[in-house]
Amino acid sequence: MSSQEVRLRSTVAGFTADGRLHTLSVWFILALRLMMGIAFFQSGIDKVLSGSFSAAGYLQNAPPSNGSPVAGLFVAMGETPWFVDFVNIAVPWGEVLIGLGLLFGAFSRLAAFWGAFMMLMFYLGNWEISHGYINGDFAYMLVFLSVAAFGAGRILGLDAYIEQYEVGGQPLIERYPWMRYILG
């Protein structure tokens, strides 16, 4: 087994973070991607197969009862029939598609972005700060963002192949650089 350290450096707004990662970290990044893929696929497929998922009661009742700072927004969403119909489809099928994207490592950054967005909404809706502002929903959101930042779909995933697919004699990622935001 060969391993080494890889140096990382990033500067944002004049602040530089510098560090070293052990090359074995790639396996942990893969594990995070697969863990979130399994969790979301399982949650979504359970909702789809049950055929009885409805977000209306949750939207109207949970955030106000737990003191969410955006309870009014959730109640308004829950009282808007077309929005509830949309959420009743978007949540279960979104979880399935996010899960599949992460499991196969295809369109991983796009999947991770929407996973992080869903976890942010769950965090705000499941507001529970009696033990601090960090809870499981917040932690999962950060895992999704890490999966996206590390380009985890390139690790034993389809994104590595999709990025190199030739379009007009050029790898897809070179021909369409904006695809870096959804692949990887």
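Modeller: A patch consists of residues with over 30% relative accessible area and no salt bridge, with like charges joined within 9 Å and nonpolar side chains (Val, Leu, Ile, Met, Phe, Trp, Tyr) within 5 Å. A salt bridge here is a Lys or Arg side-chain nitrogen within 4 Å of an Asp or Glu carboxyl oxygen. Accessible areas follow the Shrake-Rupley method with a 1.4 Å probe, and for residues only the protein chains shown count as cover. The model is predicted: local features need pLDDT of at least 70, side-chain atom pairs count only at pLDDT 80 or more, and totals for chains, interfaces and linings use all residues. Residues are numbered from 1 along each chain as its sequence is written, and side-chain values use heavy atoms, leaving out hydrogens and water.

Leu-24, Val-26, Trp-27, Phe-28 and Leu-156 together form a nonpolar surface patch of about 540 Å². Of these, Phe-28 belongs to helix H1, residues 25-50 (helices are DSSP runs of H or I with at least four residues, numbered from the N terminus). Phe-28 counts as exposed because its relative accessibility is 60%; exposed means over 50%, buried under 20%, and partly exposed in between.

Glu-163, in helix H7 (residues 159-164), is buried, because its relative accessible area is 6%. Apart from neighbours within four places in sequence, Glu-163 contacts Arg-154, Pro-171, Leu-172, Ile-173, Leu-183 and Gly-184, where contact means heavy atoms within 4.5 Å. Thus the account passes from Phe-28, which is exposed, to Glu-163, which is buried.

Key: Helix = DSSP H or I, 4+ residues; strand = E, 2+ residues; numbered from the N terminus. Buried < 20%, exposed > 50% of the residue type's maximum accessible area, 1.4 Å probe, protein only.
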